[in-house]
Amino acid sequence: MFRQRLASLNLSSVRTLSLSLVACAFFATQNAFAADPIKIGHIAALSGASAQSGEAITRGLALAIDEINAKGGILGGRKLELVQRDDESNPPKGLIAARELIFKEKVAAIFGGIDTPVGLAIVPLANKEKVPFMAVWAAGTGITRNGAKPNYVFRVSAVDVLVDVKLLQYASKKFGSKKPGLMLINNPWGESNEKGLVAADKDNAAVEIVGIEKFENADVDMVPQLTRLKEKGADSIILVVNTPPGAQMMKSRERMGWKAPVISHWGISGGRFPELAGATHGDAHFVQTYSFFGKLNPTGERVLAAMKKKYPQVKGPEDIFAPVGTANAYDAMHLVAQAMEQAGSTEGDKVRAALEDLKQPYQGLIKTYNRPFSADNHDALGPDDYIMVRYEGEKIVPTE
Amino acid sequence: MLVSSALITGIGLGSMYGLLALGFHVTYAVSNTVNFAQGSTMMLGAVLCFTFWITLGWPVWLAVALALALCAVWGAIVERVAVRPFVQRGSNSWLMATVAIGIVLENVVLFTFGKDPRGMPPTLLTTSTITIAGLRIQLLQLLIPIAGLGIAAGLHAFFRLSRYGKALLAVVQNTSAARLMGINVERVIVGAFALSGLLAGIAGILVAPLFTISSTMGTLFGIKAFAVAILGGINSAWGVVVAGLIFGIAEAMITGLLGSTYTQIVTFALVIVALAVMPNGLFGRSEVKKV
């Protein structure tokens, strides 16, 4: 009796099991068909001195992905999934991460970080493997203008050559400067901007660069360089450098009691510029692509609200560090998703073609994008999209 | 204007190099060894002072005193760990060991203090300025050369005039004879390394308000200070301080007159030329080898 019961029990459980297995298999194939997630790669400095920039980009991507997934994903219900790798601001590490994301994780697109050298290292691989590479911070001109045809590299960020145009325009319009003097960091970034500024100067009749001075990362006192510019009659200082030496420049300027306005590239916005530069930190006006201060467009209101909810330490715009990273990444993610939808595919070549010919305008944080890219232009933002800001204490406030 | 402002800058930076170079001088004078981690010791002074004063909120006098004391202790540790074991066995590996211990210190600071450079808040020393002939000079810019020259004068007097100072010099001339005369050679050498750490600490705390504080702030200073020590003639206290001033003023003048592109090229080329002409440095005497 007991034995019989056992047998029947066995039989029924085997039946249930096989039924559920069939069901499982059925649903699994269904899943793979409709809702296989689309992997989006992100390679940036997530540790080290520039870690804040990587975190800011991550937030922008995550907010955009949350929105897209909440609406049911793209391409008939496929959700987006972020896969991140830390490049430690090191080009070889960035390249290894890109290989891994492309060949192992099979990402549909890669987003980049703050470092131009890392971006430049990934560009050839992205073009060879036909994977769209979206730069959302690094401003080096050669990232998007890389000579490849077709070119899989796009950017929603500032571009050095265009920033240089803007810096000179701003110096003359805002401060009536006629004779700007350049203070540049002595490295490839400073050099590329020197070329850009000199070229921009040729096209701008209102200003005439009177002197070009360079300094090192470890320079303590830049009074000699500044005195040279002053003696040559400079009436404004154009600054291209990252935070610590930029702060040294401000201290030297303060020490010699020079009041000439400072117009800076955005290098000084990562790090503790107000603390390091001291009393005159507010005299430096610098480029950004976006600010969460002031009146926001509907997208801005929505993103700010979502940020406060997702990141409780964000109470208001003043708590958003490195806002350009978040804003650029947010807009870029939406543009890529829209391109995939338009292409009806995540295949690199089709997404690239769609990005170059986006049909629908997209109302983003920075602006409304109307055909932001074309076959010849892979930079979505230009001088008209840049805004000028300055620090007021820890806050970044617009000056235009 | 260009020349006079370059002079002010050069004297300030030059005194800083001189202070650090004095640290090389004191240990070399008593033991023929130096602490190549002098740059990192300077960084340690600035980092500790910032941590005690700003991060922990202790009174500034206590922060400065404690930071200096710890720099002196650190100097003694360097001697015990990275110099003595090698010298005792007649090896020159302390050259590498002191460089290595400096790198270790920098990385420990990187790990604990953080990668983010920090800035000292403004004080009376940096905010108040005096104007001489249209040139604005910060109080700190006056204080640094005064400290440098004052310490050089003190060291000079100590070595030449005091009994203990003479004992120190005796150690380097003939260690065994000095020991026979009842001089505690080991203690003298540790003392010299502690003093050298203290000098680096003073330099670090003086430069901190003018500079940004980070684990790598001392590296270039250390290299330049060593160049200055050799240029001045490492066995002369006055020599290294004056060489520091010459180096600093040359740097600032070259930047001011030729442009910053040429600063490093010309200053270091000048050092090489000077040493080719005067191999013992500007103020050094050649050592007499007695047979």
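Guide: Let us begin with a definition: axes are lines fitted to C-alpha atoms, for helices over the stretch in contact, and angles run from 0 to 180 degrees between N-to-C directions. The model before us is predicted.

Visitor: At about what angle does helix 6 of chain A run to strand 8 of chain A?

Guide: Helix 6 of chain A, residues 160–175, runs at about 155° to strand 8 of chain A. This helix lies across strand 6 (180–185), strand 8, strand 9, strand 10 (284–288) and strand 13 (387–392) of chain A.

Visitor: In what order do the strands of the open sheet in chain A follow one another?

Guide: In general, strands of a sheet pair through backbone hydrogen bonds, either parallel or antiparallel. Here 7 strands of chain A form an open sheet with mixed pairing, in the order 7-6-8-9-10-13-14. Strand 7 (211–215) and strand 14 (395–398) of chain A are its edges, each pairing on one side only. On average, neighbouring strands of this sheet are turned by 30° against each other, direction ignored.

Visitor: Do strand 8 and strand 9 of chain A pair in the parallel or the antiparallel sense?

Guide: The sense is parallel, over 3 bridges, between residues 236–240 and residues 262–264 of chain A. A:Leu239 has A:Ser264, in strand 9 of chain A, as its bridge partner.

Visitor: Into which domains is chain A divided?

Guide: Domain 1 of chain A comprises 38–158 + 295–382, and domain 2 comprises 161–288. Their centres, taken over C-alpha atoms, are separated by 30 Å. In chain A, 11 residues of domain 1 are in contact with 9 residues of domain 2. The side of domain 1 of chain A that touches domain 2 has 4 nonpolar, 7 polar and no charged residues.

Note on methods. Residues are numbered from 1 along each chain as its sequence is written. Chains are lettered from A and ligands numbered from 1 in the order in which they are written. This is a predicted model: local features need pLDDT of at least 70, side-chain atom pairs count only at pLDDT 80 or more; totals for chains, interfaces and linings use all residues. Two strands pair if DSSP finds at least two bridges between them. Helices (H or I, at least four residues) and strands (E, at least two) are DSSP runs, numbered from the N terminus. Two residues are in contact if their C-beta atoms, placed from the backbone, lie within 7 Å. Domain bounds come from an automatic or database domain assignment. Ala, Val, Leu, Ile, Met, Phe, Trp, Tyr, Cys and Pro count as nonpolar, Asp, Glu, Lys and Arg as charged, and the others, Gly among them, as polar.
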